Amino acid sequence: MHLRDDSQTMEQLRAYTEKANATIQDLSKRIEPLMKKLGEIAQLMGIRLLTAARNFPDHVRVIARYYPDWKFLRIDWSLLAAYVFRSPFTLSKRYLQQHGQQDVYQYGETPLPAIDQIATECGITAQDTVYELGSGRGRVCFWLNHFKGCKVVGIEYIPEFVRVANGVKNKYRLDKVTFIEGDFLKTDFKEATVIYLYGTCLEDKQIEQLIEKLSKLPSGTKIITVSYPLSDYTKKPLFEVMKRFPVNFTWGTGDVYLQYKK
Ligand SMILES: C[S@@+](CC[C@H](N)C(=O)[O-])C[C@H]1O[C@@H](n2cnc3c(N)ncnc32)[C@H](O)[C@@H]1O
């Protein structure tokens, strides 16, 4: 009698154990993607914190150099306030994902002290019309217009960046600032006297297409590029590098090239 009871209990125990094992396996299968996602989020937050720490001196420089100018402070804060709860990096990533791009981590910005140095080295003045190819959220355009007094046109294909930048432009009635929503490979920029391109993530094919467009610019147009000169992508003698100088970006020091269209 006892023996039968024992074997029944053992059977039940085995059944419970199997059920518990199956439940644990099922749970861990469900939790696995969640843990992976949490890991990715922690990694991204870590990278953000590290970047923020590394860029801290830049923020201090911006406050000390440009924020004593009350009007620029208001323009810049109006722009930055629009991105407090959604970062431009996330907006760009989402746009690129929706458009089926492989590399969705392409967004970056020229720090204001960097554009200050670039504008001085390249002799940008109030007489210039600067076209920024891929203007992002437009901070560089606002800085150039405010501190150099030049006319600026930003071309950008992410609609939200253009919508917010146009809102700031209208709020402060900045007549010499224009933002165009579109692909710079299909937009006319013949009236430019200066072109600024921070296009370190562009594919070779895109740079070659751009060169084709730039080849139609009047001779003497200044073209500023980050990390590479245009002559690296064409055998034709279209451009002459006048200057190459190091500039600090968020990712480190990069070479900036000032070239003239021949
Ligand atoms: C590296 S970010 C630079 C942003 C800004 N120029 C700066 O220096 O702070 C490049 C920007 O170019 C935009 N972009 C890339 N290819 C483009 C294209 N073909 N037409 C319009 N915008 C483009 C991206 O959406 C992104 O905002």
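Colleague: Two strands count as paired if DSSP finds at least two bridges between them. In which sense do strand 4 and strand 5 pair here?

Modeller: Strand 4 (residues 194-197) and strand 5 (residues 222-226) run parallel, with four bridges. Strands here are DSSP runs of E with at least two residues, helices are runs of H or I with at least four, and both are numbered from the N terminus. Do keep in mind that this is a predicted model: local features need pLDDT of at least 70, side-chain atom pairs count only at pLDDT 80 or more, and totals for chains, interfaces and linings use all residues. Residue numbers start from 1 along each chain as its sequence is written.

Colleague: Got it. Which residue stands opposite Tyr196?

Modeller: In strand 5, Ile224 stands opposite Tyr196. Val194 has Lys222 as its bridge partner in strand 5, and Val130 also stands opposite Val194. Strand 1 and strand 4 are parallel too, joined by four bridges.

Colleague: What is the order of strands in the whole sheet?

Modeller: The seven strands form an open sheet in the order 3-2-1-4-5-7-6, with mixed pairing. Strand 3 (177-181) and strand 6 (239-249) are the edges, each pairing on one side only. From one strand to the next, the twist averages 20°.

Colleague: Back to strand 4: are its residues buried or exposed?

Modeller: Buried, on both faces: Val194 and Tyr196 lie on one side, Ile195 and Leu197 on the other. Buried means 20 or more other C-beta atoms within 10 Å of the residue's own, exposed means 12 or fewer, and partly exposed is in between, with C-beta atoms placed from the backbone.

Colleague: Which strands does helix 5 lie across?

Modeller: Helix 5 (residues 139-148) lies across strand 1 (129-133), strand 2 (151-156) and strand 3, at about 175° to strand 2. Those angles run from 0 to 180 degrees between N-to-C directions, using axes fitted to C-alpha atoms, for helices over the stretch in contact. Contact between two residues means C-beta atoms, placed from the backbone, within 7 Å.

Colleague: And how many residues of helix 5 are buried?

Modeller: Nine of the 10, so helix 5 is largely enclosed by the rest of the structure. Among them are Phe142, Trp143 and Leu144. Its buried residues pack against helix 2 (70-81), helix 4, strand 1, strand 2 and strand 3. Gly149 follows helix 5, with a positive phi near 75°.

Colleague: What about helix 4, where does that lie?

Modeller: Helix 4 (residues 112-121) lies across strand 5, strand 6 and strand 7 (252-261), at about 155° to strand 6. Gln117 is in helix 4, and Gln117 counts as partly exposed because it has 17 C-beta neighbours inside 10 Å. Although Gln117 and Val247 are 130 residues apart along the chain, their C-alpha atoms are separated by 7.6 Å.

Colleague: New topic! How is the protein chain divided into domains?

Modeller: Into domain 1 (1-65) and domain 2 (112-261), with bounds from an automatic or database domain assignment. Their centres, taken over C-alpha atoms, are 45 Å apart.

Colleague: Last one: which residues come nearest the ligand?

Modeller: Glu109, Thr110, Gly134, Gly136 and Tyr198, out of 18 residues around the ligand. A residue is near a molecule if its C-beta atom, placed from the backbone, lies within 6 Å of it.
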